[in-house]
Amino acid sequence: IKNIEDISDSIYNNNKIKFEYWKYEITNKLEKQIVSTPTVSPYAIVYNKQEFYLIGIKDGKDEFYHFRLDRMKNVKNMMNPNEITLPPPSVFEDSI
């Protein structure tokens, strides 16, 4: 829930976020590993197939990415406004 609140605030205030993105790996036990620490201009939070996702644009890219919220840790608001003009929400209806 904390991630949803932090990301929603960033979307509302048009701020970028930075976070650790994890994956689960099974060795002798279930372990979490950091995959990346992207800086993202968040656009929307969507619910699909019993999971919440962040839709946003990574810094330096011009396409949308999706991130599962349960794999995001240490979400930080970067407090600098996005400089990207985003398309209307209807663009994402079939993206996940």
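Start by selecting Phe-67: its relative accessibility is 5%, so Phe-67 counts as buried, the cut-off being under 20%. Keep in mind as you go that this is a predicted model.

Colour by secondary structure and you will find Tyr-21 in strand β1 and Phe-67 in strand β5, so the contact ties together parts that are 46 residues apart in sequence. Tyr-21 and Phe-67 are both buried.

Now bring in Phe-19. At 2% relative accessibility, Phe-19 is buried too. Which residues do the ring pairs link into a cluster here? Show the side chains of Phe-19, Tyr-21 and Phe-67 together, and you have that cluster in view. Phe-19 belongs to strand β1 (residues 15-26) and Phe-67 to strand β5 (residues 64-68), so their pairing ties together parts that are 48 residues apart in sequence.

Stay with the aromatic rings for one more stop, and select Tyr-65 with Lys-58. What sits over the ring of Tyr-65? It is the charged end of Lys-58, 4.3 Å from the ring centre.

Select Tyr-24, Ile-26 and Leu-30, which make a nonpolar surface patch of about 350 Å². Within this trio, pick out Ile-26, which has its place in strand β1. Is Ile-26 buried or exposed? With a relative accessible area of 69%, Ile-26 is exposed, since the cut-off for that is over 50%.

Go to the loop between β3 (39-48) and β4 (51-58), where you will find Gln-50. Gln-50 is not a glycine, yet it has a positive phi of about 65°. Its relative accessible area is 68%, so Gln-50 is exposed.

Finish at Asn-74, in strand β6 (residues 72-81). Here again a residue other than glycine has a positive phi, in this case near 55°. Asn-74 has 46% relative accessibility and therefore counts as partly exposed.

Notes
Residues are numbered from 1 along each chain as its sequence is written. This is a predicted model: local features need pLDDT of at least 70, side-chain atom pairs count only at pLDDT 80 or more; totals for chains, interfaces and linings use all residues. Side-chain values use heavy atoms; hydrogens and water are left out. Helices (H or I, at least four residues) and strands (E, at least two) are DSSP runs, numbered from the N terminus. Buried means under 20% relative accessible area, exposed over 50%, partly exposed in between (1.4 Å probe, protein chains only). Rings of Phe, Tyr and Trp (its six-membered ring) pair if their centres lie within 6.5 Å; planes under 30 degrees apart count as stacked, over 60 as edge-to-face and the rest as tilted. A charge sits over a ring if NZ of Lys or CZ of Arg is within 6 Å of the ring centre and within 35 degrees of the ring normal. Patches are made of residues with over 30% relative accessible area and no salt bridge: like charges are joined within 9 Å, nonpolar side chains (Val, Leu, Ile, Met, Phe, Trp, Tyr) within 5 Å. Accessible areas come from the Shrake-Rupley method with a 1.4 Å probe; for residues, only the protein chains shown count as cover. A salt bridge is a side-chain nitrogen of Lys or Arg within 4 Å of a carboxyl oxygen of Asp or Glu.
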